[in-house]
Amino acid sequence: MERWNGKIAMVTGGSEGIGKAIVEKLVYNGMKVVACARNMELLSKVAVEVNSKSHGKMVPYKCDISKEPEILNMFEFIKEKFGTLHVCVNNAAMTFETSVLHGKTGDWQYMFDLNVIGLSVCTRESVKLMKISGVNDGHVINIGSLAGHKIGNKPIYSGTKFALHALTEGLRMELHAEKSHIRSTNICPGFVVTDLLYKMYENKEDVDKLYNSMECLKAEDIADCVVYVLGAPAHVEVNDILVRPTEQML
């Protein structure tokens with residue numbers, strides 16, 4: 001991770017859960033991290049906590065990744081403040097208690113706007129900024145899900161994560177065609193102890209039962225995957241990581 005010391009990263013959904021853990025790891029390793037989320041108050045609290053004990057710096061930025069104008073404003077901010085970008089971590093995602101037969105169109109629309117379209121805009125703008133600032137060894141890391149490899153009881157959410165798997169590989173192929181050394185990775189966790197599962201299930205007792213049935217992954221475990229990927233030698237591109245609790249079956 002020494003080569004990333006002092007470099008610039010952007011992390012979406014950086015106010016809690018996996019995103020917060022990733023921000024903490026990157027800042028600890030000396031990176032300057034623009035962490036965005038919709039809740040600026042929570043982001044600011046995280047920044048105070050992280051900046052008080054790390055070598056790098058976290059810069060909080062309020063942004064709704066489901067809205068392209070806000071994303072474009074954020075990248076203009078990054079360009080004006082730092083002039084470049086080296087690492088993009090697309091972490092922000094959302095799901096609802098919904099289904100193909102009985103779901104609400106608005107819920108579907110928001111999930112795809114955030115999990116797929118917004119992520120794609122962040123990817124496009126990140127690579128664009130890397131290119132114009134002469135960064136040819138940057139990295140785009142997407143936080144996917146095992147739901148993007150196996151369809152469970154959340155097919156719409158799985159649909160967004162299957163799309164992410166295709167987008168990550170498509171990005172790799174496009175970068176390769178341009179002879180770029182910018183790398184792309186899709187990290188797909190199984191059950192992680194975060195608030196996301198509580199948002200996925202209306203019955204909170206089901207989530208408690210799941211968490212009590214096995215030792216689930218922690219947000220820090222996924223952040224360690226990010227550090228592992230970034231720490232790989234320049235000639236090594238880790239494209240997919242599937243990580244699950246040892247006791248998780250599916």
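Biologist: Across which strands does helix α2 lie?

Modeller: This is a predicted model, in which local features need pLDDT of at least 70, side-chain atom pairs count only at pLDDT 80 or more, and totals for chains, interfaces and linings use all residues. Residues are numbered from 1 along each chain as its sequence is written, and side-chain values use heavy atoms, with hydrogens and water left out. Helices (H or I, at least four residues) and strands (E, at least two) are DSSP runs, numbered from the N terminus. Contact means heavy atoms within 4.5 Å. Axes are lines fitted to C-alpha atoms, for helices over the stretch in contact, with angles from 0 to 180 degrees between N-to-C directions. Here, helix α2 (residues 40-51) lies across β2 and β3, at about 175 degrees to β3.

Biologist: In what order do the strands of the open sheet run?

Modeller: Strands of a sheet pair through backbone hydrogen bonds, either parallel or antiparallel. Two strands count as paired if DSSP finds at least two bridges between them. In this open sheet, seven strands follow the order β3-β2-β1-β4-β5-β6-β7, with parallel pairing. Its edge strands, β3 (57-62) and β7 (240-243), each pair on one side only.

Biologist: How many bridges join β4 to β5?

Modeller: Four bridges join β4 (residues 87-90) to β5 (residues 139-143); N90 has N142 as its bridge partner in β5.

Biologist: Is L210 buried or exposed?

Modeller: Buried means under 20% relative accessible area, exposed over 50%, and partly exposed in between (1.4 Å probe, protein chains only). L210 is buried because its relative accessible area is 17%.
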